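Here's a quick tour of the model, helices first and then a few single residues. Keep the viewer open while you read.

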Amino acid sequence: MRHGKKFNHLGRKTAHRKAMLANMASSLIEHKRITTTLAKAKALRVYVEPIITKSKNDTTHSRRTVFAYLQNKEVVTTLFREVAEKVANRPGGYTRIVKLPNRLGDNAEMALIELVDFNDVYNKDTKVEKKSTRRRGSGSKAKATDVKADTKKDEVVAEETTDTEVKEEAPKTEAKVEEAPETEEGSDSKDEKSAE
């Protein structure tokens, strides 16, 4: 009887199931996505996500704990170097399961399981920013009028600054021109005194 045994045994004995999940987890970490049956993908998610969480803390103890599950030194190194960097800010949910069409031979439900942070298609232009929300009475109408008023103010300020910059530059150049002849006259009078 299977009273209180909630996880899927996948039709295998304990040792076979653990070895299969360890191999699948190693393949997932190495290749970043694998295709398997839907039942195995769901079992693999439960198996691999605590391992990835453990890899965020890079200590000797956590490396040995992860190695006890995966039994592959190269994969453990990849997990702690590459994968742990990418998932450092993610608080869980490191994998994504995408259903695929059924397998031709036996019509088994197939799925693709992948590491979320290594998918370039979904993560192309996404930036994680906290949105500041303000609650206003009129909603989008108030925002639209505020945006229009802000753009008009910016245009007026920009025109004023360009006009004042031009006006300020002009007197400076005139003052320099006026100063130059005075210095020349002063030098001429010095030359005349020295000649006498």
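A residue counts as exposed when its relative accessible area is over 50%, and as buried when that area is under 20%. Gln 71 comes out at 54%, so Gln 71 is exposed. Bear in mind that this is a predicted model.

**Helix H1**
- H1 runs over residues 14–31, and its 18 residues reach 26 Å from first C-alpha to last, close to the 26 Å expected at 1.5 Å a residue.
- Its buried set is Arg 17, Met 20, Leu 21, Ala 22, Met 24, Ala 25, Ser 26, Leu 28 and Ile 29.
- Those buried residues pack against E1, H2, H3, H4, E2 and E3.
- An α-helix has 3.6 residues a turn, so residues three or four places apart point the same way.
- Just past the end of H1, Lys 32 takes a positive phi of about 70 degrees.

**Helix H2**
- H2 covers residues 38–55, and its 18 residues should span 26 Å at 1.5 Å a residue; the end C-alpha atoms sit 25 Å apart, so the two figures agree.
- There's a bend in H2 of about 25 degrees, located at Arg 45.
- Tucked away in H2 are Leu 38, Ala 41, Ala 43, Leu 44, Tyr 47, Val 48, Glu 49, Ile 51, Ile 52 and Ser 55, which are buried.
- The cover over the buried residues of H2 includes helices H1, H3 (60–70) and H4 (73–86), plus strands E1 (33–37), E2 (95–100) and E3.

**How H1 and H2 meet**
- Two packed helices are described by the angle between their axes and the distance between the axes.
- For this pair, the axes come within 10 Å and cross at roughly 80 degrees.
- On the H1 side, the residues involved are Lys 18, Met 20, Leu 21, Ala 22, Met 24, Ala 25, Leu 28 and Ile 29.
- They meet Lys 40, Ala 43, Leu 44, Tyr 47 and Val 48 in H2.

**Positive phi values**
- Most residues other than glycine have a negative phi.
- Leu 10, in the segment before H1, has a phi near 60 degrees, a positive value in a residue other than glycine.
- Leu 10 has a relative accessible area of 12%, so Leu 10 is buried.
- Gln 71 also has a positive phi, near 60 degrees, and is placed in the loop between H3 and H4.

**Asp 117**
- You'll find Asp 117 in the loop between strand E3 (110–115) and helix H5 (140–195).
- Asp 117 is buried, because its relative accessible area is 15%.
- Its side chain makes a polar contact of 2.9 Å with the side chain of Arg 90.
- Setting aside neighbours within four places in sequence, Asp 117 is in contact with Lys 86, Val 87, Arg 90 and Asn 123.

**Ser 62**
- Ser 62 belongs to helix H3 and is buried, because its relative accessibility is 3%.
- Not counting residues up to four places away in sequence, Ser 62 touches Lys 54, Asn 57 and Phe 80.
- Ser 62 and Phe 80 are 18 residues apart in sequence, with 9.7 Å from C-alpha to C-alpha.

Technical notes:
Residues are numbered from 1 along each chain as its sequence is written. Side-chain values use heavy atoms; hydrogens and water are left out. Helices (H or I, at least four residues) and strands (E, at least two) are DSSP runs, numbered from the N terminus. Buried means under 20% relative accessible area, exposed over 50%, partly exposed in between (1.4 Å probe, protein chains only). A polar contact is a pair of N or O atoms within 3.5 Å; within protein, one must be able to donate a hydrogen and the other to accept it, and residues adjacent in sequence count only if both atoms are side-chain atoms. Contact means heavy atoms within 4.5 Å. The expected span of a helix is 1.5 Å times one less than its number of residues. The bend at a residue is the angle between axes fitted to the seven residues ending there and the seven starting there. Axes are lines fitted to C-alpha atoms, for helices over the stretch in contact, and angles run from 0 to 180 degrees between N-to-C directions.
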